Amino acid sequence: KEVLLEIKDLKKYFTLNKGFFGGQTEYVKAVDGVSFSINKGETFGLVGESGCGKSTTGRTIIRLYDVTGGDIIFEGENVSKLKERDLKLFRRKMQMIFQDPYASLNTRMTVSDIIGEPLDIHGLAKGDDRQRKIYSLLETVGLSKGHASRYPHEFSGGQRQRIGIARALAVDPKFIICDEPISALDVSIQAQVVNMLEDLQNELGLTYLFIAHDLSMVKHISDRIGVMYLGKLVEVADADELYNAPNHPYSQALLSAIPVPNPDIAKNNKRIILEGDVPSPINPPSGCRFRTRCRYAMDICSKEEPNLIDLGDGHMSACHLNTIKKK
Ligand code: SF4
Ligand code: MG
């Protein structure tokens with residue numbers, strides 16, 4: 001396995017207020033020390049409740065945001081401190097597909113101009129070449145030449161997402177961050193878009209970071225999955241392993257909420273109701289951030305932060321129960 005992307009202790013804090021009137025500056029610690037790597041050709045799923053930092057992780061990796069701390073190593077190059085000029089080159093290799101295709105498409109541009117824009121920005125094709133490339137991209141995502149002169153409002157949600165995908169593909173990227181690409185779509189359309197993303201991955205040798213809160217879809221598309229809670233990665237495992245034998249109490253609760261669980265699991269794993277809301281990322285709980293909602297919380301959980309440890313075969317989990325069991 002060849003590592004394409006390695007994230008080391010990634011942090012993204014947003015300044016909430018600048019500490020006026022002698023107060024302290026407060027930060028929203030949206031991503032607070034996250035490490036994982038993604039292999040070439042792999043789909044790495046990232047799941048968690050909304051507000052857990054998964055979208056911010058994606059946006060920080062592609063450098064839509066400045067990096068507060070940590071490293072992003074892509075193809076062996078540290079891209080965490082790239083300046084604007086070098087970011088342009090970097091974005092030829094890494095692209096993003098957004099949750100709401102309508103919001104991410106310029107409504108006053110024709111489809112042809114939307115898909116042609118990245119070709120122009122990166123100087124990839126001109127004139128007839130450009131036109132051919134646009135038509136071929138439309139075909140790649142299941143649209144046709146006839147769609148080129150039309151505007152985003154003339155399309156359905158699923159078609160708009162296809163336009164967004166065509167635009168992302170225009171620069172021949174190696175890596176695509178899919179940020180909840182199907183959650184705004186009708187259920188009947190979701191599978192179509194996911195299947196298309198899988199076909200494209202196989203044809204073009206793409207690597208994906210697939211961010212979602214729909215756990216059944218993530219299981220279907222992902223090779224490995226990371227579970228985030230309050231700015232931290234709490235578990236990483238092969239998709240099947242995570243669904244069949246989740247280790248972290250938060251993952252167990254998340255997975256127990258899937259409507260049609262694996263019958264083998266259903267026998268001995270009843271739905272776990274998570275009490276309360278996700279605490280504020282401004283002042284996260286000490287020790288284990290999940291402790292305020294964890295039914296196994298112990299003394300040590302408020303005092304020491306559990307590290308992600310390898311339980312075997314790359315199945316990582318950050319919970320004190322694992323170290324206590326071993327003693
Ligand atoms: Fe629960 Fe403690 Fe494990 Fe956190 S470390 S998940 S509070 S048992
Ligand atoms: Mg999100």
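Strand 1 and strand 2 run antiparallel and are joined by 11 bridges; helices (H or I, at least four residues) and strands (E, at least two) are DSSP runs numbered from the N terminus, and two strands pair if DSSP finds at least two bridges between them. The model is a predicted one, in which local features need pLDDT of at least 70 and side-chain atom pairs count only at pLDDT 80 or more, while totals for chains, interfaces and linings use all residues. Residues are numbered from 1 along each chain as its sequence is written, and chains are lettered from A and ligands numbered from 1 in the order in which they are written.

Taken together, four strands form an open sheet in the order 2-1-4-5 with antiparallel pairing. Strand 2 (26-39) and strand 5 (77-78) each have a single partner strand and stand at the edges, so one side of each lacks a neighbour in the sheet. In general, the strands of a sheet pair through backbone hydrogen bonds, either parallel or antiparallel.

A further open sheet consists of eight strands in the order 6-7-8-3-9-10-12-11, and its pairing is mixed. Its edges are formed by strand 6 (94-97) and strand 11 (309-310); each has a single partner strand, so one side of each is left without a neighbour in the sheet. Strand 11 is joined to strand 12 (residues 316-317) by two bridges, and these strands run antiparallel. The bridge partner of Asp-310 in strand 12 is Met-316. The loop between strand 11 and strand 12 contains Asp-313, whose phi is near 55 degrees, a positive value in a residue other than glycine. Asp-313 is exposed, because 9 other C-beta atoms lie within 10 Å; a residue is exposed if 12 or fewer other C-beta atoms, placed from the backbone, lie within 10 Å of its own, buried if 20 or more do, and partly exposed in between.

Helix 6 lies across strand 6 and strand 7 (175-179) and runs at about 175 degrees to strand 6; axes are lines fitted to C-alpha atoms, for helices over the stretch in contact, and angles run from 0 to 180 degrees between N-to-C directions. Asp-172 is located in the loop between helix 6 and strand 7. Although it is not a glycine, Asp-172 has a positive phi of about 55 degrees. Asp-172 counts as exposed because it has 12 C-beta neighbours inside 10 Å. Most residues other than glycine have a negative phi.

Helix 4 (residues 111-121) and helix 5 (residues 127-140) pack at an angle of about 115 degrees, with their axes 10 Å apart. Ser-112, Ile-115, Gly-116 and Leu-119 of helix 4 make the contact with Arg-130, Lys-133, Ile-134 and Leu-137 of helix 5, two residues being in contact if their C-beta atoms, placed from the backbone, lie within 7 Å. These contact residues comprise four nonpolar, two polar and two charged; Ala, Val, Leu, Ile, Met, Phe, Trp, Tyr, Cys and Pro count as nonpolar, Asp, Glu, Lys and Arg as charged, and the others, Gly among them, as polar.

The largest nonpolar core has 77 residues, of which Ala-166, Ile-176, Cys-178, Leu-209 and Phe-210 touch the most other members; such a core is a set of buried Ala, Val, Leu, Ile, Met, Phe, Trp, Tyr and Cys residues joined through C-beta atoms within 7 Å. Helix 6 (residues 157-169) supplies the largest share of this core, five residues. Apart from neighbours within four places in sequence, Leu-209 is in contact with Ile-38, Phe-44, Leu-46, Gly-58, Ile-177 and Cys-178.

Cys-288 occurs in the loop between helix 11 (263-268) and helix 12 (299-303). Cys-288 counts as buried because it has 29 C-beta neighbours inside 10 Å. Neighbours within four places in sequence aside, Cys-288 is in contact with Cys-301, Glu-305, Pro-306 and His-320.
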